[in-house]
Amino acid sequence: MANDREVLREIWDGKLPVCFQLDQEEIMEIQQPDPFYVMVPRLSYFPLVIDKMKRHFLRYISQENADNEMWMDYNGQPLKWHYPIGFLYDLYCGNDPQTPWTLTVHFSKFPGNILLHCPNKDVVEAHYMSTVKEADVLKHRGQIMSAMQKKDHNQLWLGLQNDKFDQFWAINRRLMESHGDNDGFKHIPIRIYAEDGTCTQRLISPKNIDGSRKIIQQLITELYPEKPVKLRTHGITIPLDTPLQWLSEHLSYPDNFLHICVC
Amino acid sequence: MSSNSLLFSINNEGKVYALPTNGSCWREFMYLGLEFKTLSAVPHFLWAVGGDRQIYLHVHGLEIPIRVKEESYENERWLPLEGFTGRLLPTDRYHFSSQDGTKDRSIDCIRLPSMAWQWEGDWQLELTLDGQPLDHDGWSYAVDFPAQFGPVKQWKSCVRRRKWIRYRKFSAMNSWCAIAPLHKDPTQEPFIDVSIGGNQIPYAAPGALSVWAITAQGRVMYRAGVSTTSPEGLKWINVSIPPNCDIKQISVGPSGLVWALLWSGRAIVRKGISKDCPTGEAWLEVKSPNETKLTVVSVGRNVVWAVSADTRVWFRKGIDGNASGCSEMAAMGNGWLEINGNMVHISVGINDQVFAIGGSNKSVYWRSGINTTELTGKRWRMVQANMQVSRTSSATSIVSSASNQKHQSLSLLNENTLELKSNINLRNSWEESHSAPIENTLPLKPSKELKQKISMNIENMDMTGKSYETTLKNPRAWSPVRSVGSVVGMEAQPDSDSSVFDLDSGMFFDEEVSQTAWGTCDVAWSFVASGACSLDSVQPPHWFSDSQNVHNTDIVAKWRLQILDELKTRNNSLSIDVTKFGIAIEEKGWTRSCESRKVNYNNTSEDCIISLYWHASENTGTMSVFQPDGTIKFIFNLSEVTSITSCSEPGSPRISLTIPTQSSQILKIQFISEMEQEEWLNVLVDIISQIYGLSGRPSDTSVWVVTNSGDVLNWDPAPALLTAEKSAGNYTKEFQLFGKDIQKGYTCMLYNNFPPGSTLKVAGCLFDDINRFHLNLQGPEIVKQRHKIESEVTEIPFHFNVRFEEGAVVCNTKKSGHWGPEERYQLPLIPGQEFTIKILCDTAGFTVTVNDKHFCFFKHRLSPENITSVNISGPLKLFNMEYSSTSIIIGPDEMFWKMIGGYLRKVECCANNIVWGLSHDHRAWVYTGGWGGGPLKGLGSTDGIHTMTDTQTYCIYENQRWNPLSGYTSTGLPTDRYMWSDVTGKYKRTREHTKLLSRHWHWISEWMIDYNTPGGVDSDGWQYATDFPAPYHGKKIFTDCVRRRRWYRKAQINTEGPWIRAGSTALLDLSLWAGNDKDVSVWAVTLGGEVIYKTGVTAATPVGNHWEHINSPQALVAITVCNNIVWVVGRKAELYYRDGITKENPAGTSWRLIEAPKGNIGSSHKSGAGAKMVSLSSTSAWVLLTNGGLAVRTDISPLEPCGKQWKYITDCDVTYKHISCKDQEVWAVRSDGSLHRRLGLTADNVLGVAWQLILNVPCVYVSVRGS
């Protein structure tokens, strides 16, 4: 059970200061637009938090690009909207924190070979729900999600979209419950990313063979037998003796996955 | 769940240990030099076979002693010349007899059953008859013996009788008590096994138990007469066994079912065990599984578990405890099922939970996942509780000092004469003290000399602040080997070993402190008895290392603190000013809507759509009700809602909202599903509490209410007091006048009356065509039933009438419906003018100011405290009206009743913020300060939220009428009641159609015939009468034309709430009082009608320490306490008060009868009435009468705790069901369930003036006894 409210709240309230700048090539006016500063929730997705920013920049760009899909890059690296914002920051700036995080906004030359298209928020919702379902398959063989009603799914999504902790956790709590007699999850939904952004996803059990709780140290030796690494998520380095089950219950992103960067 | 349930075990050294379900440490029983072989338990009663092969009984965990009332009637007959004499006619009854005269009850022949019992006081006369006082000899008179006895001697009184009563008490609590051996020489036929069960034999009288034992010669013995009031039983009865059967082990289930094992490994079952035949009829043989030899068998309610010699575990399918008495199949089951695991011993406990001892490691295991649908459970979980360092098996034996002196006294029997003498002292002083001495109050302190002698090798192990001493080197238990008759195995000590059993099993027991005296050492167990262990399989105790204990340690784990710390400091390194950053996600309101049905007054309903809009940051919300086509019906602000309650009926989940500002006042909504109803309830309670700014524990000034659906509501005036604006010493309230029709007259309540210091300011504009208008400061409307119901205002202390056509202003007073002499003044106004009128009340009269100029002064003719409302009528328009008063004005439309959570029947509060509750099954609960649980899950934090259960019994009556052809049949006359009905016969009730209220309820029994219906029943449960609305009796006689019998079925609710169990004693009523000092009085009436009070209750320990018991003359039903004055109500509706209660002597000295209130008050209450319940304030007592009326006893003071005279509330003809008062506050629940507050109470006017409707949801209980 994810019952450590203090940690959950801290994770939920995690925010990043972001400075959006319009790409110089896009500017069609004589006057330079001001950069747009905003605090974005680490747990959210970019398409959910950029409405205002988009309105702010629209009047500076060429009208023919106004209906194009907007995208962003950091240091020339296009940002994938389908990852949580906090994870993207940890991936690109984890070792070298940058505040505010300065991103460049583009309205043309959409890098279709790298990014998925995101015409509206429904696409984000569909992607989010499918990730939650995948996580639930790993944790409970998908039983919890399929037992939920449509409106519960809706509440989960709206809770995330509107930054409502209680609304979200009222439902997410059920997804974080262990199966049966406190045995823990069947598998831990975890994605580990190398520095170049390549992702590893393996079936990882929360317990060792002898039934004891698996801790991060054991996970690292399991995955990286050759060299010891550090793991980062939510802007912190995970202590090596943290149990995996606890980590999954408390430090998963809203999509129910642990997104962890190797550093 | 049950706070005091225990799991018992014997280790391989023969020592007995207990593991409480609310703790996590094994506690050793006081070792008395006697090892034990086997144990068997039901709650509070533990039977064992000792190392000397004798049987011992241990009674424990009862908060109040077992008391039995012995009564004897002394009969006398009047003889000429001699007068009344004890010489009776030969056909008469005995001189001393039972009530019906059939048994000889000579007082000197009534003895204590065994040395385990003690008398409480001497024989006493009962001095009341049906609540009527008798003269001091206590005689009651009659024409002849089988006749009605009356209190007065008449010329025709030929016989008289009086009743002697004496109480005896089981004083061997918490100690081993030897049961008499079978023969004079106890070694002749020792015992090898004993088993207790039978606490749920179908239809049996409550309290019945059954005990079976096996002797070394293989005989099976049944202990006759064992019950909760007679724990030792009476005698052994031999039960014959089939030839060639050599029995080695026996087990009795809760339903009385008996299984026994033979030395050959086969099992036999006793068939035909029922409430009438507890020893059964015959033995049946059961085949062993796969020809293996069974070694242990244990019987549960619907299961039998066994282990075989090869340590395999077997489960017997098809057992049905309820039917086991009449069906062989149900008793024997239909097949063995092997369960994984290797065990050497097994024991089935309450709710068929199973405990076992592992074959290899000799640890105790619990079978998890057992519930009614899955009786075999899921897997074995090891019980890993800490172990008390043994006091006897090693050199460093420790005993807590609290028990030490008693412990010493245990050994005194075997010590020299000096000690024996002190022992006698002890006993004498003990007998002088009353029934329940407090722990540690035994007056005797062992002399120093003695102490030295006994504790030779003290190793002072000061571990927890208490000093520990080693035990006696060789204490010897008193073995029955040398005894004759049933005696106590040791000194009769009511609470000899508190180290094993804290009397109150410790909701606030500080386990951490005492943890130091426990260590984790591996123990090899040899025996486990779980019959007293009530384990909540949903929330198992902290016995298992793989469960919650882990989480608890996570909270303080280093890695967790590190994570939390890093998370908190993530953004600290920012070198930028974050204030210029915008917020990415803007606050938005949200809406929620669903299809539902609106329920109207006449219980019809119509489709509607409800929609809720809520904006958190603005703290506003609205609720709209739409018709199915989308047109809006009405819309209201959520801040107008004053209460939200559930009002579901079976199959119809409903919510009721009270909105005083809406015309219909109450909105009832029926939802499609229970889930949806609970979600809406949750959301609405949450939002409206936020709107009112309510969070955290309510203050101790709160009023508590229980609705008839068991919801606990709370109104806390503290936030209103804080926010109320006070200007120039006055509180002001402005009334909403928009849209009010003044032409026809507008009345509004003045909630604080109109005492001196009050003002009323009215501003408005007169119409041009105005003739006259008036402004009345008036008393309550009196509802009179003449030829039709009329209401009239009979008291108008100030009538201000402006008459333009007469050119004058008339002031007057109406007193008892009659106008007095008029006072006339000049006209200050002209038609069409704007005006302000201000009325100021002072001690002498009313000062009226018109348009800021002094106009007139009107002397009081009636007390201004009688004013409850203002009435304005005439062709004019009002702009505003302001009412100000010296005390805060809170109208019912401003009282939000917050649902607290939990399911209860009664809630009592007092100052100091202590709140107790009672559930329907008479268990006591204490409020933890939390909020939520059950349907309100997730609202507050989870702190203080605990599981709650409650049991209710559904009763229906089967009615039959006799006809000459076929006898009694279920075809009645057309005029008869339903053949299946409720108790009144007005409503049809059938077994099949009785449904449970919600999914939180479940049945815990089948429909059963009630053999304990009041009035007596025959062998099939029938009661007979001449016709339906007539007294029923158990024996059929010639004139009986109808009969009925009662069926009952029990249902249980599982929910959560901010309440925790306070002890195990069943309570009927309770009352709390907190004076100025810290101590809080908690007095209660037990289910048996006895008075108890709790010691050591303070704000920090709301549960207190122990119950102290007070002898009472009669069985009582209600109690109230205030300022060291205690009033009680007896079962016969009489009132008593307790004399002599002081701080030093909180128990008082004696009960005194209070003059009964007259019943025939009001016009419709013709029948006489006694008291039903009472609530005391510091100067008066409000008594609810049996006919529903109210009486007030005035002038109560510590010097005169019985008060002076009775006064009656006659101003309205309604009946009440509950009342609560404190100082100047009296609140009552009417029979229709509405909640009312009494207005106009002052020190001089203790009756008050009028009732004010507060809440119109069906309530059952109210408590205003906060400060």
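**Figure 1. Open four-stranded sheet in chain B of the predicted model.** The strands follow the order β4-β5-β6-β15 and pair in the antiparallel sense. At the edges lie β4 (36-42) and β15 (176-178) of chain B, each of which pairs on one side only. From one strand to the next, the twist averages 25 degrees.

**Figure 2. Pairing of β4(B) with β5(B).** Six bridges link β4(B) to strand β5 (residues 45-50) of chain B, and the sense is antiparallel. Within this pairing, B:Leu39 has B:Ala48 in β5(B) as its bridge partner.

**Figure 3. Chain B as a whole.** Nine helices and 88 strands make up the secondary structure of chain B. The chain has 1267 residues, of which 42% count as buried. Of the contacts in chain B between residues at least 6 apart in sequence, 59% join residues at least 24 apart.

**Figure 4. Contact between chain A and chain B.** Chain A contributes 29 residues to the contact and chain B contributes 27 residues. On the side of chain A that touches chain B, α1 (5-12) and β2 (36-41) of chain A each supply at least two residues. The largest share of that side, five residues, belongs to β2(A). By class, the side of chain A that touches chain B holds 15 nonpolar, eight polar and six charged residues.

**Figure 5. Open six-stranded sheet with strands from chain A and chain B.** The order is β4(A)-β3(A)-β5(A)-β1(A)-β2(A)-β34(B), and the pairing is mixed. Its edge strands are β4 (77-78) of chain A and β34 of chain B, each pairing on one side only.

**Figure 6. Parallel pairing of β2(A) with β34(B).** Strand β34 of chain B covers residues 582-583 and is joined to β2(A) by two bridges. A:Val38 has B:Gly582 in β34(B) as its bridge partner. A:Met39 stands opposite B:Ile583, also in β34(B).

**Figure 7. Helix α1(A) against helix α7(B).** Helix α7 of chain B spans residues 558-568, and its axis comes within 10 Å of the axis of α1(A). The two axes cross at roughly 30 degrees, so α1(A) is roughly parallel to α7(B). The crossing is left-handed. From α1(A), the residues in the contact are A:Glu6, A:Val7, A:Glu10 and A:Ile11. They meet B:Ile563, B:Leu564, B:Leu567 and B:Lys568 of α7(B). This contact between α1(A) and α7(B) has five nonpolar and three charged residues, and no polar ones.

Methods:
Residues are numbered from 1 along each chain as its sequence is written. Chains are lettered from A and ligands numbered from 1 in the order in which they are written. This is a predicted model: local features need pLDDT of at least 70, side-chain atom pairs count only at pLDDT 80 or more; totals for chains, interfaces and linings use all residues. Two residues are in contact if their C-beta atoms, placed from the backbone, lie within 7 Å. Ala, Val, Leu, Ile, Met, Phe, Trp, Tyr, Cys and Pro count as nonpolar, Asp, Glu, Lys and Arg as charged, and the others, Gly among them, as polar. Two strands pair if DSSP finds at least two bridges between them. Axes are lines fitted to C-alpha atoms, for helices over the stretch in contact, and angles run from 0 to 180 degrees between N-to-C directions. A residue is buried if 20 or more other C-beta atoms lie within 10 Å of its own, exposed if 12 or fewer, and partly exposed in between; C-beta atoms are placed from the backbone. Angles under 35 degrees count as roughly parallel, over 145 as roughly antiparallel, 65 to 115 as roughly perpendicular and the rest as oblique. A crossing is left-handed if the near helix is turned anticlockwise from the far one by less than a right angle, and right-handed if clockwise.
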